[in-house]
Amino acid sequence: MHLRSIAHHCRKYLISFPRLLRSLHEGRFIVKEDTSSLMDPSERYCFKPTLHWNPQLEEYFIKAYGADHFARISEALTRPSRYSCLRVNILKTTSDAVIDKLMTMKREICLDGKSDGDTNSFSDERVSDDIHKCPIPGLDYVVFVQGSGPHEVKYNLIPNQPLKEVIVSRKCAEAVLRGAQVFVPGVLACSSHVEKGDSVAISVALEYPQSDGKWGTGITRGVILQGTDTDPHYCQRAGLYIGQGTAMMSRAGIFRVLQGVAICMSNRVFDLPSFNKVLEGDIFLQNLPSIIAAHALDPQKGERILDMCSAPGGKTTAIAMLMRDEGEVIACDRSHNKVIDVQNLAAEMGLKSIVTYKLDALKSVAQKGEIDIAESVHGECTPKPEPIVEEIIVNGNRDNSRDNKKRLKNGLGKNHLIGARVEKSKGFAANSFDRVLLDAPCSALGLRPRLLASEETLASLRSHGKYQKKMLDQAVQLVRPGGVLVYSTCTINPGENEALVRYALDKYKFLSLAPQCPKVGGPGLVGRCEMSDGYVEEWLRPGEENLVQRFDPSVSDTIGFFIAKFSVGCKDPK
């Protein structure tokens with residue numbers, strides 16, 4: 001009997017354990033005390049995010065940077081840059097003309113004293129008077145628009161009355177911190193009785209590992225908030241309030257429609273301008289290190305240049321602009337839709353030298369007999385005089401199955417935009433480019449603001465490095481002797497930065513690090529890293545650190561970024 005009793009209690013706790021664990025993850029483990037009454041409102045209704053890294057990742061980064069430095073990096077990553085960086089299209093206008101137009105917009109805002117109702121426009125945002133050219137030599141085609149923050153937001157707290165609020169997704173919140181409004185798809189939950197025109201507070205729900213191994217918030221969209229500790233993520237959301245705004249529709253309307261502005265922000269923790277649909281074709285909103293990466297490539301008129309992973313097209317168009325649109329810029333991406341994004345941006349900026357292809361970077365070097373062959377891929381299915389518009393190919397075979405007929409009847413999917421046309425390349429000849437930019441897909445751990453550390457693990461970071469080495473192998477083959485290769489990432493991970501440089505220099509003796517202009521970022525990391533599992537990572541050697549650029553968000557108010565520039569020598573082994 002005693003053993004049966006023990007078994008009964010064991011089963012009871014095992015059954016309840018997943019529920020208790022989920023409550024802990026959600027930050028709402030129920031105790032007898034009312035936590036809402038114990039928490040100081042100033043501690044709850046504020047913005048004090050903390051990044052909680054995977055323990056192995058944290059150990060690795062502390063070995064790389066030191067504990068204090070990594071803590072500063074983590075804190076900086078939770079905040080947006082306090083300025084907007086605009087690259088001016090000097091083929092159509094000038095920095096002075098852009099500054100004049102922006103200042104005119106600002107004066108009109110001041111005269112009106114309020115927004116004109118267009119919630120996406122620059123004129124809806126409060127910006128400071130500081131609009132000026134970038135002071136870095138050679139970058140006078142870049143304009144800085146200063147923002148401000150962090151600000152202390154005064155929420156409409158009424159004693160014994162719940163605060164009207166909405167919970168938004170993390171990605172929505174990060175966009176709001178950069179200057180966006182709250183759009184309908186980003187709203188997860190809302191207080192009851194919220195009507196159009198009401199003032200509401202905005203808080204953030206972060207993801208956590210679910211029982212199926214995936215990450216999610218665990219919130220069913222449309223949940224009614226009661227303003228008590230039974231609300232989703234109640235304790236977890238303390239210190240994750242990003243501002244206050246005006247509801248543009250009722251609670252019912254928010255969860256009834258699929259798009260539109262749900263909340264127009266009026267009081268932000270960080271006040272940054274939005275440039276959506278502002279001076280289109282004349283300016284492009286771009287992070288400063290990305291502009292510098294294109295500048296470091298030093299493209300010249302008449303050259304043939306390859307951007308291996310070009311989407312969304314910011315660096316591609318920057319390269320074409322620096323060449324004065326004279327030459328050929330080949331822009332590739334493996335995604336059909338992303339190639340179309342590059343095409344659209346090039347058209348918007350009036351650039352003619354950009355040629356786009358759908359091509360996986362791992363297959364950039366053509367096989368024998370397939371050099372520079374391109375086939376047309378159509379993204380349309382509109383009636384034509386011909387009996388057959390296009391054939392549907394599945395796994396290399398024509399497929400007339402019912403599923404594909406249904407797919408055509410229901411419309412084209414997201415991978416085939418209506419009216420789109422993309423050329424599919426089979427690769428390029430070795431040594432056929434003067435310069436190559438490899439802005440490699442990466443862990444993106446330098447992007448900011450970020451409210452969640454990462455879903456990455458030490459194993460996944462190492463996997464990124466292996467993938468990047470394969471792309472680098474392709475890039476090296478495509479640059480002609482005497483040419484230039486630039487490698488860049490938007491991550492703080494040395495395994496994708498300095499370790500890749502070490503790999504390239506050790507494997508390809510004809511590569512050498514080249515000076516970069518302008519030199520804005522700091523030095524790279526020198527030495528090696530040994531992990532507890534025996535894994536060893538080699539970084540830069542003394543004398544190499546000042547030939548790369550590492551942008552540290554805790555030092556410069558930029559994203560985390562890395563740039564290495566290689567000169568390509570004679571490839572002849574003799």
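Predicted model: local features only at pLDDT ≥ 70, side-chain atom pairs only at ≥ 80, totals over all residues.
One part of the model is an open sheet of four strands, which pair in an antiparallel manner and follow the order 2-3-1-13. Strand 2 (131–133) and strand 13 (283–285) each have a single partner strand and stand at the edges, so one side of each is left without a neighbour in the sheet. Averaged over this sheet, and with direction ignored, neighbouring strands are turned by 30° against each other. Within the sheet, strand 1 (residues 83–88) and strand 3 (residues 142–146) run antiparallel and are joined by five bridges, and Arg 87 is the residue that stands opposite Val 142 in strand 3. Helix 10 (residues 314–322) packs on the sheet, where it touches both strand 1 and strand 13, and the direction of helix 10 makes about 45° with that of strand 1.

Helix 10 is itself mostly covered, since eight of its nine residues are buried. The buried residues of helix 10 are Gly 314, Lys 315, Thr 316, Thr 317, Ala 318, Ile 319, Ala 320 and Met 321. After helix 10 comes Arg 324, a residue whose phi is positive, near 60°. Helix 10 also meets helix 9 (residues 288–297), the axes of the two coming within 9 Å and crossing at roughly 45°. With this angle, helix 9 is oblique to helix 10, and the crossing in which helix 9 passes helix 10 is right-handed. On the side of helix 9 the contact is made by Ser 290, Ala 293, Ala 294, His 295 and Leu 297, while on the side of helix 10 it is made by Lys 315, Ala 318, Ile 319 and Leu 322. Sorted by class, the residues in this contact of helix 9 with helix 10 are six nonpolar, two polar and one charged.

A further helix pair can be described in the same terms, because two packed helices are described by the angle between their axes and the distance between the axes. Helix 4 (residues 55–65) packs with helix 5 (residues 67–77) at an angle of about 115°, and their axes are 7 Å apart. Helix 4 and helix 5 are therefore roughly perpendicular to each other, and their crossing is right-handed. Helix 4 contributes Glu 58, Phe 61, Ile 62 and Tyr 65 to the contact, and helix 5 contributes Ala 67, His 69, Phe 70 and Ile 73. By class, six nonpolar residues, one polar residue and one charged residue make up the contact of helix 4 with helix 5.

Two single residues complete the description. Ala 331, which is found in strand 15 (residues 328–333), has a relative accessible area of 1% and is buried, because buried means under 20% relative accessible area. When residues up to four places away in sequence are not counted, Ala 331 touches Asp 307, Ser 310, Thr 316, Val 342, Ile 354, Val 355, Thr 356 and Tyr 357. Of these contacts, Val 355 lies 24 residues from Ala 331 along the chain, and the C-alpha atoms of the two are separated by 6.0 Å. Pro 209, by contrast, is found in strand 8 (residues 208–209) and counts as partly exposed at 34% relative accessibility. Although Pro 209 and Glu 455 are 246 residues apart in sequence, they are 8.9 Å apart in space, C-alpha to C-alpha.

Notes
Residues numbered from 1 in each chain as written. Heavy atoms only, no water. Pairing = 2+ DSSP bridges. Axes fitted to C-alpha atoms, helices over the stretch in contact; angles between N-to-C directions. Contact = heavy atoms within 4.5 Å. Parallel < 35°, antiparallel > 145°, perpendicular 65-115°, else oblique. Left-handed = near helix turned anticlockwise from the far one by under 90°. Nonpolar A, V, L, I, M, F, W, Y, C, P; charged D, E, K, R; others polar. Buried < 20%, exposed > 50% of the residue type's maximum accessible area, 1.4 Å probe, protein only.
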